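Here is a short briefing on one protein chain. Look at the strands first, then the surface, then the confidence.

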Amino acid sequence: VEINEISAQQRQTQTYDLKIKQLFELNKQQDQSIVELKQTTAKHNHTHAKHNHTNEQAKVISQLHEQNLLQDKRIAELKIDLTKKNSQREEQEQSINYLYQQNRQQDQRIDTQVHTTKLQAEMLLNLTMKVHEHPHVVAQQNPTVAFNARSKHVQQLEYRVTLQFEQVILNEGSGFNNRTGVFTAPVKGNYFFYFQTTAPKPKDSDKHQAAFSSLFVNGREVCVSFVSSYQDHGSCAAVTHMDIGDTAWIQSKSAWWGTNNFYK
């Protein structure tokens, strides 16, 4: 009986040892599974973190791309604005060059007119001296023809119109017609013409006016008078030969500096 009990205990002990061994192996396997799971989890976390980092980088790259697009758009706008400014500067330079050329031409015209006026004044002086020396002979050979007319007020005129002077102060020989502004020579001879133009000061200081007025004899321009907001007086003098029936008049010629208005 005792032997049987001992055998039974031994079998039971062996069974316990086997179960313990199995549990140990199972525990070992579980530990290995836990290690592998930890490794897998670590790899997954690393991959997830890397994925998150990649997403953040993608967001940053997207923001930088949008900024580059905005910068490109701004650069294009600046290029367009620069092109417009360059075009405006070229137009301004052209305008300045044009005004400079006009000013040089006007200076040349003034110099020519001054020289012509001096010669005409000398001729007039010689003619006056001859009249004083031989009044009766001159009166018989050259009957008196003279006129003097003026405007009573400032008038605004259109481009290329004949100036009319409504107030006639003198009209010896009845050659001047104040309704048309045209003088018709009643006798053959040399005629001396002189006229003066003035321009009012502009109400707007930014708007300047300038105009040319010319003396025409039988459609031929004889002399030119210039007047502007800066040079408010202009004059023109000329001596010309006229036959009976020849005509002379004063005509507005051209304007610049932003106005088409002429004043006499």
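Strand β6 runs antiparallel to strand β7 (residues 220-228), and eight bridges join them. Strands are DSSP runs of E, at least two residues long, and helices are runs of H or I, at least four long; both are numbered from the N terminus. Strands pair if DSSP finds at least two bridges between them.

This is a predicted model: local features need pLDDT of at least 70, side-chain atom pairs count only at pLDDT 80 or more, and totals for chains, interfaces and linings use all residues. Residues are numbered from 1 along each chain as its sequence is written, and side-chain values use heavy atoms, leaving out hydrogens and water.

**The β6-β7 hairpin**
- Two residues lie between β6 and β7 in the hairpin.
- N218, in the turn, has a positive phi of about 55°.
- A211 has V227 as its bridge partner in β7.

**Burial of β6**
- Eight of the eight residues of β6 (residues 210-217) are buried, so the rest of the structure largely encloses this strand.
- Buried means under 20% relative accessible area, exposed over 50%, and partly exposed in between (1.4 Å probe, protein chains only).
- A210, F212, S214 and F216 point one way, and A211, S213, L215 and V217 the other.

**Strand β5**
- F192 is found in strand β5.
- F192 is partly exposed, at 37% relative accessible area.

**Confidence**
- pLDDT is the predictor's confidence in each residue, from 0 to 100.
- The chain averages 79, and 81% of the residues score at least 70.
- Among the elements, helix α2 (residues 135-141) has the lowest mean pLDDT (52), and strand β4 (residues 182-184) the highest (96).
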